[in-house]
Amino acid sequence: MSAPTAKPSGAKAPFFMGWASKPPKALRPFLWMISALLIGLAAGAALSISSTVNNPGDGGFVWGQPQKLAGVVQAYPYPLLRLPADADHPEPRTMLLAGQGKRGAQKRAEPLNGLAAEASGVLIKRGDIDMLQVGGKIKLRASQGEVNPAADSFVPADPVPLGRWKLNGEICDGKCYQGAMRPGQGLAHKACANLCLIGGAPPVFVSTAPVDGSVFFLLADQSGQPLPQDWLLDSTAVSVSLEGEVTRLDNILIFAVDTSSLQRL
């Protein structure tokens, strides 16, 4: 008669099975610790990456407040609406104009250049810079005296020269930078910026240092006309240096650049 086989002494080692409804009790503290560690590492990585992203600013659409405005159209270098002072704005101001989507407002603005006009649409606001996305019933038309009859006699002030400057910064499309897209700058936004510029959105320059208190400039060529599109598309979304004349137009600055002065930084 053979001797009985000896049984192993001590507790069985815990064994994890992925298909089991619950892990072994002995492994649960270890699994909780590893889970907490992985969650902490993921949160730390997310915070680290997000800290390197530029602040998208406070710009955006002002939904629920449709605008009806009256002023004088300035079609060049890019469509603007020069507005007289009113109860909410004690000083005259200049507002950028854009079409809906990735389109500009040139076709509507050019026939009205220098004329009193009425406009409607949605405001895109960033800081003290305003843009009107033209739309609604009125869109952009010659003044009919319905919105603000006093605007028919409004005479906008001449631009104020601020001298010649050499500035470092980034060329962006004015609509996305205003807040239509956030963030509306940086290399990741280059394709979107170029599509907007091709469609007619106004190009802007965002400087690393202010001129007369502002780092936001509407761009133009040296004669105050639109910039060559090929030059723009090659120059967006990267750090560049530009030189040209700066003028103040009410609340915005216009940077009339020498395109040959561009240097990539």
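Buried means under 20% relative accessible area. Keep that cut-off in mind on this tour of a predicted model.

Stop 1: Select Arg-93. Its relative accessibility is 11%, so Arg-93 counts as buried. Asp-86 is partly exposed, with a relative accessible area of 36%.

**Stop 2: a second pair.** Select Lys-125 and Asp-130. Their side chains form a salt bridge at 2.8 Å, N to O. Which of the two is buried, and which is partly exposed? Asp-130 is buried, at 7% relative accessibility. Lys-125, at 33%, counts as partly exposed.

**Stop 3: both pairs together.** Show Asp-86, Arg-93, Lys-125 and Asp-130 at once. Salt bridges link these four residues in a network. The structure holds nine salt bridges.

**Stop 4: a link across the sequence.** Select Asp-212 and Arg-248. Their closest N and O atoms are 2.8 Å apart, in another salt bridge. Asp-212 sits in the loop between β9 (203–211) and β10 (214–220), and Arg-248 in strand β11 (residues 239–249), so the pair ties together parts that are 36 residues apart in sequence.

**Stop 5: the largest pocket.** Select Gly-99, Gln-100, Arg-103, Gly-104 and Arg-108. Of the 13 residues lining the largest pocket, these are the closest to its centre. The pocket has about 230 Å³ of space. Next, colour helix α2 (residues 106–109). With three residues, helix α2 gives the most to the pocket lining. Finally, colour the lining by class: three residues are nonpolar, six polar and four charged.

Methods:
Residues are numbered from 1 along each chain as its sequence is written. This is a predicted model: local features need pLDDT of at least 70, side-chain atom pairs count only at pLDDT 80 or more; totals for chains, interfaces and linings use all residues. Side-chain values use heavy atoms; hydrogens and water are left out. On a 1 Å grid over the protein atoms alone, a cavity is a set of points where a 1.4 Å probe fits but cannot get out, and a pocket is an open set with protein on both sides within 12 Å along at least five of seven lines; lining residues have an atom within 4 Å of a point. Grid points are joined across faces, edges and corners, and a volume is the space filled by probe spheres set on the points. Helices (H or I, at least four residues) and strands (E, at least two) are DSSP runs, numbered from the N terminus. Ala, Val, Leu, Ile, Met, Phe, Trp, Tyr, Cys and Pro count as nonpolar, Asp, Glu, Lys and Arg as charged, and the others, Gly among them, as polar. Buried means under 20% relative accessible area, exposed over 50%, partly exposed in between (1.4 Å probe, protein chains only).
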